[in-house]
Amino acid sequence: MSNNGTPLLEIKNVSKYFGSVIALQDVSAFVRAGEVTCLLGDNGAGKSTLIKVLAGVHAPTSGHYYFEGEEQHFESPREALDMGIATVFQDLSMIPLMAVWRNFFLGAEPTKGWGPLKRFNVDFAKQTALEELHKMGIEIRDPDQPVGTLSGGERQSVAIARAVYFGAKVLILDEPTAALGVKQAGVVLKYILQARNRGIGVIFITHNPHHAYPVGDHFVILRRGQVYGDYTKAELPLEQLVQMMAGGADLEVLQHELEQAACGGGEEADALAEVAENIGDELDELGD
Amino acid sequence: MAADTAPPPVPAEKVDERVREVGRLSKVLTRPELGAVAGVFLVYIFFAIIAYENNFISWLTTAAILNRAAPLGILAAAVALLIIGGEFDLSVGSLVGFAGMSIMVLVFPTDAGGFGWSLWPAVFLALLIAIGSGIFNGMLVVTTKLPSFIITLATLFIFRGLTVALTRLRTNRTQLGNLDEVEGYEFARTLFVSEFSLFGAKFDIAILWWIGITAVATWVLLRTRPGNWIFGSGGDANAARNQGVPVNRTKVALFVTTATAAWLVAVIQVVQFKGADSLRGTLQEFYAIIAVVIGGTLLTGGYGSAIGAFFGALIFAMVQQGIIITGVDGDWFKVFVGVVLVVAVVFNQYVRQKAAQR
């Protein structure tokens, strides 16, 4: 991948406050066309807020948002979408009871005819949905199948294919592999690479370094609303990424707390002690 | 050795191993209206047997059933779209009374407290009143974000109360008649309540309105953009909004649709009975919902059909007519309707589960 291109989407020193709560502080990140930027962070790191800022749901309290080199101030997700910034929210983009082709074109239905006879071009919609999914390597059994009968991975994949079809230049994926089995997650990762190979800038939000590392070109690690690290793949071996994600220091504190709790005695305490021991082992491994 | 000789297990054509040939029958089974179509046969056969002596199988009875089903079917087609869109309208029955009484007060002689209009302007103004009521319902639902069940339960009482109170205030009565003396009545009669003879039985023109409205509702639902929005808004309003569907506008339009259907039924009944009663349309909202549910539409929205509502209304009318001609005490009608409703819902759920497993 070229590392010299100018960023397609970039945020600079973005902060977001909700009353007295500082959700994001001076966060900067970017994605280039044909690259995957992974945003990693544990729960409460500010991932959700950052996604909403990127998607145009929240306006940042301060900082700058550039798309294709120009500063943007989005009023709604629709505006961002119209510019080609598509966000696939976790479980919030597909309607289970509706057929695949109806979902695929929901809100942007192709029409034919005019005046009072203007109608949904159903044949085109069915055929296009199948073709587009096929291009992404997704084989759907039947376009009339309700989305609810697809697996979680297939649903995410359909959402990705839809965003790609509607001309997304930047694709923001909110934890697309969370709650998926190993194989399903692999399928979704494959589509992320497919989208990247078609020249789309992908922002992949996850808390799983093992999912991020194989597809990412660039890693931004968030912690407590701030950027904790910003690396290219060459600078960062997987082990180091895992350790940063696990937060070595935090784990030590957790181990200590668990050991203290385990002093209480009884069955529960034994279980806690075991967990603490396991964390200790993990820390040793990370240290190696 | 065996591994060497065995050909690689790559099929000549790329066929997904999960694709199973689905027969035509199984595809039909997934249609929402299937349960209602089966129900039509079952109920017909039931009465054909127990009411055989009373000539249930005859054109006269068939005409009576269809004539009975038509006004309910018109309401049900609109209510089906609304329920698929994820909302309820309990005020349609009250709106039938409200719109009908509006027409009568407008055409009633001025010396008796009316306005002395001719029929057509009154019908037109009643349409505007109905559309306004639909917008009122819809806006109240989308702005307060409260369940439409509660909002329209409130407007059920408001519209019914207004019908009784305003009519009595102006005319000192609750029933107005003599519409046939009003200018424009003859043409309205031709359009809304004329009959056509077929096989020696008399069929109401309202049957054609019913069929036509069901056809239009089905077309809108399955073949237009707003139809896709209706499914989306009812299936998951948030997801639909994220995809750019104008959910609120769709819902308000659906409330206007049910109100307009109530107006049409009001016009038909006013012309037919040459007058209005302030209690007309009472309980129609529930009968319409029953017809829609028997027709396979999910009460929670996002799934269903207008054709199903057509057959639901037909079943409802068959039960009604069947009980009348069998000579069973009419008091049993509601018991029977309740039983049919439960059976239909259980059956629909069973079919849907089967469909999902295909």
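Modeller: Two residues are in contact if their C-beta atoms, placed from the backbone, lie within 7 Å. The model is a predicted one. In chain A, 66% of the contacts between residues at least 6 apart in sequence join residues at least 24 apart.

Biologist: What makes up chain A, and what share of its residues is buried?

Modeller: Chain A contains ten helices and twelve strands. Of its 288 residues, 39% are buried.

Biologist: Why is Val100(A) called buried?

Modeller: A residue is buried if 20 or more other C-beta atoms lie within 10 Å of its own. Val100(A) has 28 such atoms within 10 Å, and is therefore buried. Val100(A) lies in helix 3 of chain A, residues 100-104. Leaving out residues up to four places away in sequence, Val100(A) touches Ala129(A), Ile140(A), Pro143(A), Gln145(A), Val147(A) and Val158(A). Between the C-alpha atoms of Val100(A) and Pro7(A), 93 residues apart along the chain, the separation is 34 Å.

Biologist: How do you know that Ala288(B) is buried?

Modeller: The cut-off is 20 or more, and Ala288(B) has 34 C-beta neighbours inside 10 Å, so it counts as buried. Ala288(B) belongs to helix 13 of chain B, residues 284-294. Apart from neighbours within four places in sequence, its contacts are Leu72(B), Leu75(B), Ala76(B), Val79(B) and Val92(B). Ala288(B) and Ala76(B) are 212 residues apart in sequence, yet 4.7 Å apart in space from C-alpha to C-alpha.

Biologist: What makes helix 4 of chain B largely enclosed by the rest of the structure?

Modeller: Of the 26 residues of helix 4 of chain B, 23 are buried, so the helix is largely enclosed. Helix 4, residues 59-84, bends by about 40° at Ala70(B), and Pro71(B) follows within four residues. After helix 4 of chain B comes Gly86(B), with a positive phi near 90°.

Biologist: Why are helix 3 and helix 14 of chain B called roughly parallel?

Modeller: The axes of helix 3 (residues 34-50) and helix 14 (residues 306-326) of chain B come within 9 Å and cross at roughly 10°. Angles under 35 degrees count as roughly parallel, so the two helices of chain B are described in that way. Residues making this contact include Val40(B), Tyr44(B) and Phe47(B) of helix 3 and Phe311(B), Ile315(B) and Met318(B) of helix 14. By class, the contact of helix 3 with helix 14 of chain B has twelve nonpolar, five polar and no charged residues.

Biologist: Which helix of chain B gives the most to the side that touches chain A?

Modeller: In total, 22 residues of chain B are in contact with 23 residues of chain A. Helix 10 (225-235) and helix 11 (237-242) of chain B each supply at least two residues of that side. Helix 10 of chain B gives the most, with six residues. The side of chain B that touches chain A divides into seven nonpolar, ten polar and five charged residues.

Biologist: What is the predictor's confidence in chain B, and where is the pLDDT below 50?

Modeller: Chain B has a mean pLDDT of 84, and 89% of its residues reach 70 or more. The pLDDT is below 50 over residues 1-19 of chain B, a stretch with four contacts in the model beyond near neighbours in sequence. The scores of the model are ipTM 0.78 and pTM 0.81.

Technical notes. Residues numbered from 1 in each chain as written. Chains lettered and ligands numbered in written order. Predicted model: local features only at pLDDT ≥ 70, side-chain atom pairs only at ≥ 80, totals over all residues. Buried ≥ 20, exposed ≤ 12 C-beta atoms within 10 Å, placed from the backbone. Axes fitted to C-alpha atoms, helices over the stretch in contact; angles between N-to-C directions. Parallel < 35°, antiparallel > 145°, perpendicular 65-115°, else oblique. Nonpolar A, V, L, I, M, F, W, Y, C, P; charged D, E, K, R; others polar. Bend = angle between axes of the 7 residues up to and from the residue. pLDDT = per-residue confidence, 0-100.
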